[in-house]
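Here are a few exercises to work through with the structure open beside you. Try each task before you read its solution.

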Amino acid sequence: MPPPDFHQARKRFGQNFLHDAGVIQRIAAAVAAKPGQQVVEIGPGRGALTEALLLTTDGVLQVIELDRDLIPILRTRFFNFPNLSIHEGDALKFDFATLAAPELPLRVVGNLPYNISTPLIFHLLEHAGRIQDMHFMLQQEVVDRLTAQPGSRAYGRLGIMVQYYCEAEALFGVPPTAFSPQPKVNSAIVRLTPHREMPIVAKDERRLRNVVRTAFAHRRKTLRNNLKGLVTEEQIRALDIDPGSRAEQLTLSNFVAISDTLGSEQDAAP
């Protein structure tokens, strides 16, 4: 008979439960949460990392769990932590602004299901002004993309837009054996720290996202081909950018400059 806190991982929720004590402690040490801080854990699962976080925050923690069958397991396991708040809901739809106090920005932690990691990160970035930092367990490939620099094969839309809002730092890798059931891919921990002061500011962030998306629409094609219809070769050259370059050769500053040029042209139109 399984133990009372047993819960079969469900594929539809992308559940892979972390159980490696050494990895759990490394994550907790990387977060380095302190009493009095507002810590939020997304997807606590059976509570392996939850316990480590509770011990470093004087038992003050908020968790968001989608799987309703895990809620009673968490309540039973942590009944002696009265300052643990358990929210049943979808993190993709959760209003994180309801948790943040102006003087206490959120510190977000989570072992994110691979199938929702990208949209969830962008959902959280909508609240970047209320977040101190984020520590996530993600697929190694996703962490590589988040932290990629120009010229690398992993460099693309995801890394550029996340780095527009945050400093992204890969911390350490996690093998499949740290989970139950074991995933078929390697994982890694990444730290995302929203910029307190934006180093680069686009005139229109929606236009910037469109430029980046269009530039990477066909990775093997040059800027003159991918951005045809948005910007001319002459406009690209005026920014000291080679129209024969491919998107992965451009820096974030380059993309912002192209985006702002489009805005200037439109603003100057009669």
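The exercises below use a predicted model.

**Exercise 1. Work out whether Val63 is buried or exposed, and find what it touches.**

Start by placing the residue: Val63 belongs to strand β3, which covers residues 61–65. Next, check its relative accessible area, which is 1%. Buried means under 20%, so Val63 counts as buried. Now look for its partners, skipping neighbours within four places in sequence: Val63 is in contact with Glu41, Pro44, Thr50, Leu84, Ser85, Ile86 and His87.

**Exercise 2. Explain how the buried residues of helix α5 are arranged, and say what covers them.**

Begin with the list: in α5 (residues 140–147), Val142, Val143 and Leu146 are buried. Then look down the axis of α5: these buried residues fall within an arc of 100°, so they line one face of the helix. Finally, the cover over the buried residues of α5 includes α4, β6, α6 (157–165), β7 (166–174) and β9 (187–194).

**Exercise 3. Describe the largest nonpolar core and follow one of its residues.**

The largest nonpolar core has 52 residues, and Phe96, Leu124, Met134, Phe136, Leu138 and Phe255 have the most contacts inside it. Helix α6 gives the most to this core, with six residues. Another core, of 26 residues, lies apart from it, with Leu49, Leu53, Phe172 and Val174 among them. Now follow Phe255: beyond four places in sequence, its contacts include Tyr155, Ile160, Leu208, Val211 and Phe216.

**Exercise 4. What lines the second largest pocket?**

Its volume is about 280 Å³. Count the lining of this pocket: 13 residues, with Phe122, Arg157, Met161, Tyr165 and Arg209 nearest the centre. Sort the lining by class and you get six nonpolar, one polar and six charged residues. Last, trace the sources: α4, α6 and α7 (205–215) each supply at least two lining residues.

Conventions: Residues numbered from 1 in each chain as written. Predicted model: local features only at pLDDT ≥ 70, side-chain atom pairs only at ≥ 80, totals over all residues. Heavy atoms only, no water. Buried < 20%, exposed > 50% of the residue type's maximum accessible area, 1.4 Å probe, protein only. Helix = DSSP H or I, 4+ residues; strand = E, 2+ residues; numbered from the N terminus. Arc of directions from axis to C-beta. Contact = heavy atoms within 4.5 Å. 1 Å grid on protein atoms, 1.4 Å probe; cavity = no way out; pocket = protein on both sides within 12 Å on 5 of 7 lines; lining within 4 Å. Points joined across faces, edges and corners; volume = space filled by probe spheres on them. Nonpolar A, V, L, I, M, F, W, Y, C, P; charged D, E, K, R; others polar. Core = buried A, V, L, I, M, F, W, Y, C linked by side-chain atoms within 4.5 Å.
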